[in-house]
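Walk through this model one chain at a time. Keep the sequence and the coordinates side by side as you read.

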Amino acid sequence: MGKKFLWALILLVAIAIAGGIYYFKEEPASAKVYINGIDANFPPFAYVDKDGVPDGFDVKSVDWIAKEMGFTVKHQPMDWDGIIPSLVAKKIDMVASGMSITDKRKEQVNFTVPYWKIAQVIVAPADCTKSVDELLSGGNKVGVQRGTTEANWIKENLIAKGKDFELVEYDSAPLAIEDILNGRIVGAAMDDAPAKDAMRKKPVKIMGTFGMASEDFGYAVRKEDTELLNMMNAGLEKLMASPYWWELKEKYKP
Amino acid sequence: MTDTIPILRIEHMTKWYGDKEVLKDASLSLNKGELKVLIGPSGGGKSTFLQCINFLIKPNRGRIWLDGREILRAKGKELYDYRQKVGMIFQDFNLFDHLTALHNVQIGLVRVKGLSRTEAKERAVLELDRVGLKSYMNQYPAELSGGQKQRVSIARALAMDPEIMLLDEPTSALDPELISEVLDVIRALRSNGMTMIMSTHHIGFASELADELIFLEDGSIVETGPPEKILYRAECARTREFCSKITEMYGNSSS
Amino acid sequence: MAESLVILYGALPYLLRGSLVTIAVVAGAMMIGVVVGISLAVGQVYGGKWLRRMIAVYVWFFRGVPLLVLLFLFYFGLFSLLHINLSAFTVSVIVLGLISAAYQSQIFRGAIMSLPEGQLKAARALGMSDRKAIPLIILPQALRLSIPGWSNEYSIVLKDSAVAYALGVMEMMARAHFVASRTYEHLPLYFAAGVMFLILTYLGTKGLRILEEKVRIPGYSS
């Protein structure tokens, strides 16, 4: 009978689960370990490097602030769709991951002072000769990341007002870039920082803005977490006054 | 005087499904060492009757006494104890397909009677030897012939030290050439004084060994009596008709 | 092309660590699925009317509600409301396990019902309670018959496990996505992830086929 085999299988499974639980065990809630939820598909603000370690402009900023203000921070990659629910449900403590400050989000969370002004632009293939207006017409397909402010703005202000193009939603901006290169969409709307990141790596270019007002990025924290909010605000101000801020800008070129 | 108390007494046993009565008011009394044989057409209620006796089918009405004690609550421990004392042999053997012959016999001893594994194994080997299958003890049911399977199932039942055995057409599913090996085992049981109720179509075998034949038709006991009476001088016309037919088909030789 | 391969090669250790996460999620979910699934199947075959109804509702619920909805419901809803602080990994394992239990219960139920009725009767006739007969006689046979269906369920759970990223579990697919976002090499990375899923599927079903052969009852067909 296969009893030995069965036991070996059970043992293997037990090891796998134990390993998983150990690997993912919750950090002890003491000692001020804050968890920063990031969208790791948002270079250059947040991504994971070759070895799987979180990196990016926002990640390094928060690391600096944590060191300066005396707390420990852990960056947890999250699905963007679930990132605010996770914050509200205390699964994470903050979101420092290129999040635009909007009135709608302010109903659920608090934001720090703005640290980055971001414009929304249209990206198209490097050899594109059309204007933004031409791209956003004629039944063209245009990409955008789902759940972002630009996605909502385009729906409310362009599509709903009769502009003749089709919005295609993606999980991330880089996926939209991929489809531009595939020729499936003529262009994509996104923040200018990831657009510049894409330009450096792929044959695409920024065609210009499309009428959406520029936005500010801020770190989001839970409404009741005023202590953390104050700490992050103080930290941000210190950071922006320090030379490291310029180093970060130089390194990540947002 | 205790000898006159029947080992098993059944009164007014009735079973119905919906408005179909499959067993009607059957009563029976069995003394120690007796063999009573149920005969009758297929679907006449023989199997239902036997399975009602050890509550594999719950009768709707009826009372059962074993050793003069009535089985009042056919539930829980009382039921399990009772069933240990009433061994059952099925037409389709119903050996546990995932266990060897040895383990088929052993499992009840270990898990029901609470014997140690070694004790149980010793006893199981003994029982298999008694039915001539000691050398087959490590075979799985699918590797045995029908006759061998039925003998293992008899060994399995005997290992539980039953006071009575119920045999539900033990040879009906067997190829003709395998029938005698099973009948021989039953004959040996009979001569060792085992108390049994058996249903069968082997009228010759029945008439040779039975103390009493019970003719069951449409769920009712039509007639009861010693073999020579039922076979040759039955009072009821239907009994006579059935017996002449069955004698024609199976003959009255005893094997 | 060469550049893609370099990126792929560099990302491989990171992706392989992700495959361990995937294996842990799937193994955990399958174990919960087996234990809960067997209980559900036994309840559904041998239980009373109300138990059977409750199980039918369970199966209906977990088969009917989309996986992502269930993950969110348990992670942000149920466990948060109960103040049970479980990691995303644990919640994913539990939710995938409970869903798999619903499907597995139907595999086991079919297997139990395909056994001859006489098996249980014979066990009862020996004086066994159903409580003994089911684990000793019915389940060893039913589980053997369930292995092919189980192998099917394994490949489904394996693929479903990618959805666990919605809660932040860094399994294989999520990692492939991350690397692709950084490097803009989506196709090679998704291809690599697909190949790894195929390998895991192959290994799992192969292992189960070996198991099936090992526990096969001699002389027994079907």
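Axes here are lines fitted to C-alpha atoms, for helices over the stretch in contact, and angles run from 0 to 180 degrees between N-to-C directions. Helices (H or I, at least four residues) and strands (E, at least two) are DSSP runs, numbered from the N terminus. This is a predicted model: local features need pLDDT of at least 70, side-chain atom pairs count only at pLDDT 80 or more, and totals for chains, interfaces and linings use all residues. Residues are numbered from 1 along each chain as its sequence is written, and chains are lettered from A and ligands numbered from 1 in the order in which they are written.

Start in chain C. Helices α6 (residues 130–160) and α8 (residues 186–214) of chain C have axes that come within 10 Å and cross at roughly 160°. That makes α6(C) roughly antiparallel to α8(C) (the term covers angles over 145 degrees). The contact (C-beta atoms, placed from the backbone, within 7 Å) includes Trp150(C) and Tyr154(C) of α6(C) and Phe197(C) and Leu200(C) of α8(C). Its residues divide into 8 nonpolar, 5 polar and 2 charged. Nonpolar means Ala, Val, Leu, Ile, Met, Phe, Trp, Tyr, Cys and Pro; charged means Asp, Glu, Lys and Arg; the others, Gly among them, are polar.

Now chain B. An open sheet of 4 strands runs in the order β2-β1-β4-β5 (chain B), with antiparallel pairing. Strands pair if DSSP finds at least two bridges between them. At the edges stand β2 (20–30) and β5 (69–70) of chain B, each with a single partner strand, so one side of each lacks a neighbour in the sheet. Helix α1 (residues 46–53) of chain B packs on this sheet and touches β1, β2 and β4 (61–66) of chain B. The direction of α1(B) makes about 60° with that of β2(B). Strand β1 (residues 8–17) of chain B pairs with β2(B) over 7 bridges. Lys15(B) stands opposite Leu23(B) in β2(B).

Chain A brings parallel pairing. Its β1 (residues 33–38) joins β5 (residues 72–77) of chain A through 6 bridges. Parallel too are β1(A) and β6 (residues 94–95) of chain A, joined by 2 bridges. Asn36(A) faces His75(A) in β5(A), and its bridge partner in β6(A) is Met94(A).

How do the chains meet? Of the 2 pairs of chains in contact, A and C share the most contacts. Chains A and B do not touch; their nearest C-alpha atoms are 10 Å apart. Where chain B meets chain C, the contact takes 21 residues from chain B and 19 residues from chain C. On the chain B side, α2(B) gives the largest share, 4 residues.

Conventions: Angles under 35 degrees count as roughly parallel, over 145 as roughly antiparallel, 65 to 115 as roughly perpendicular and the rest as oblique.
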